[in-house]
Amino acid sequence: MLSTLELRPGSGIRDPGSVTDPAAIGEPGPVPGHGAIESRIQNPESRVDIIRDYEHFVALETEWNDAVERAHVPHPFLRHEWVRTWWDCFQGGRQLHVIVVRDAGRIVGIAPLMRETATSYGLPIRRLALLANDHTPRTDVLVAGHADEVYRAIWQTLREDIDRWDVVQLTQLLKESPTIPALTRLAAADSLPIGTWKSSDSPCLELAGTWDSYWASLSAKFRSNVRNRLSRLTQMGEPELEILSEKTAIAGGCEDAWRLEASGWKDQEGTSICSDPAVRRFYTLLAERAADRGWLRLVFLTVGGRRIAVSYSAIYDGRLFLLKTGHDREFHTCSPFKLLTYLAAQDGYARGLREIDFLGETEPWKQEWTPAVRPHEWLFVFSNSRRARLLHSIKFQMAPEIKKWRA
């Protein structure tokens, strides 16, 4: 068992007012006197490694995913292939700062962090943040055992470097995540400013009972609307659900997925996958790597063999995650994505899945299928620097008051 660690003295949704700005303070740069891996021995059985170079980060894959499975993480967003792909595509001027806690040589905790500089409310800041952005629906610190000791080890590691950061920012945590109370308690014990920021409420549908009982539970008006749209589409051809799970098939289906995802307002507003080369590379590379691991899916609605709607999805831990969606605007009167969801829910019941996670924000079309949501929060821990305390005051005192006044 991991011994109690001895504390030593020393130190995808967007945060409003904050932008990454490598020129604000200067590039993060190497930590003076520290190499690619820094090991901090806690006792004969445990140690903490800080991974700063890509080669060692990649080499962790097998151990990392083993820890994910032992931690029973019910989503794929903490798996190594997800985090590595994110870094490969979005690293910019940031620097890896992955904290790995080991007990008897085995990983029991990971804080997948990076160093970056940014501007927040006009202030240049030094930030430690999770490897995540708007394309990461959910993330957290990974804890695969001995939670209290792991959180203490991670916090102690952060505390010892407190003169090199202004804020630790943990984004898209489930509101129920134990990381929030654990790090809040540890930071408060050191009299550091803390704050949480409400993020998205992501709709989720538990696939309990049978499809027939679930379908009957929905409003008569909604069911009538779906039947009418299905009847209208059937006049053009036979609607079918096409699910691609094999790597070669997924690679061949990506262009259709990008085309459908970009159709309509996303392309016009520059938010589609194809509007940004880094974003397109992320979803293309992720499709390849996740398909190797067996959890990526391209789910199409076809009519007469023509693909008219898509969900770039994952099936993981008995759950269907709807990551990116889109449909052909030519068929908008048939509500093609509503029909894709209808068929996908039936298929989920037939496959014995336990849930459909819609991810992202609460939107009216998602609420038609389920009233249940998963709330998310961001956790901020500030250092004792003047700049950090000013930022805390602006973000959690002044900004909310200004917002109330404007309202």
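1. A residue is called buried when its relative accessible area is under 20%. Asp 53 has a relative accessible area of 18% and therefore counts as buried. The model under review is a predicted one, and the points below should be read accordingly.

2. Asp 53 sits in the loop that links β3 (46-51) to α1 (54-59). Its side chain forms a polar contact of 2.5 Å with the side chain of His 56. When neighbours within four places in sequence are set aside, Asp 53 is in contact with Ala 36 and Leu 96. The separation between Asp 53 and Leu 96 is 43 residues in sequence, whereas their C-alpha atoms are 6.5 Å apart in space.

3. The largest cavity has a volume of about 80 Å³. Its lining includes Leu 241, Ile 243, Arg 297, Val 299 and Asp 347. By residue type, the lining of this cavity comprises 9 nonpolar, 1 polar and 2 charged residues.

4. Which elements supply at least two residues each to the lining of the largest cavity? They are the strands β10 (239-244), β11 (296-303) and β13 (319-327), together with the helix α11 (336-351). The largest share, 4 residues, is contributed by α11. Leu 340, Ala 344, Asp 347 and Gly 348 are among the lining residues.

5. The buried residues of α11 include Pro 336, Phe 337, Leu 340, Ala 344, Gly 348 and Tyr 349. Lys 338 and Thr 341 are also listed among the buried residues of this helix. In general, an α-helix has 3.6 residues a turn, so residues three or four places apart point the same way.

6. The length of α11 was also checked. At 1.5 Å a residue, its 16 residues should span 22 Å, and the C-alpha atoms at its ends are 22 Å apart, so the two values agree. Gly 352 follows α11 and has a positive phi, near 80 degrees.

7. The second largest pocket has a volume of about 310 Å³. By type, the lining of the second largest pocket divides into 11 nonpolar, 5 polar and 3 charged residues.

8. His 146 lies in the loop between β7 and α4. Its phi is positive, near 50 degrees, although the residue is not glycine. His 146 is partly exposed, with a relative accessible area of 29%.

9. Is Leu 359 buried or exposed? Leu 359 is buried, with a relative accessible area of 4%. This residue belongs to the loop between β14 (355-357) and α12 (364-367). Leu 359 is a residue other than glycine with a positive phi, near 60 degrees.

10. Arg 374 is part of strand β15 (residues 373-382). A polar contact of 3.3 Å connects its side chain with that of Asp 357. Beyond its neighbours within four places in sequence, Arg 374 is in contact with several residues, among them Arg 138, Leu 174, Asp 201, Cys 204, Arg 319 and Glu 355.

Terms used
Residues are numbered from 1 along each chain as its sequence is written. This is a predicted model: local features need pLDDT of at least 70, side-chain atom pairs count only at pLDDT 80 or more; totals for chains, interfaces and linings use all residues. Side-chain values use heavy atoms; hydrogens and water are left out. On a 1 Å grid over the protein atoms alone, a cavity is a set of points where a 1.4 Å probe fits but cannot get out, and a pocket is an open set with protein on both sides within 12 Å along at least five of seven lines; lining residues have an atom within 4 Å of a point. Grid points are joined across faces, edges and corners, and a volume is the space filled by probe spheres set on the points. Ala, Val, Leu, Ile, Met, Phe, Trp, Tyr, Cys and Pro count as nonpolar, Asp, Glu, Lys and Arg as charged, and the others, Gly among them, as polar. Buried means under 20% relative accessible area, exposed over 50%, partly exposed in between (1.4 Å probe, protein chains only). Contact means heavy atoms within 4.5 Å. A polar contact is a pair of N or O atoms within 3.5 Å; within protein, one must be able to donate a hydrogen and the other to accept it, and residues adjacent in sequence count only if both atoms are side-chain atoms. The expected span of a helix is 1.5 Å times one less than its number of residues.
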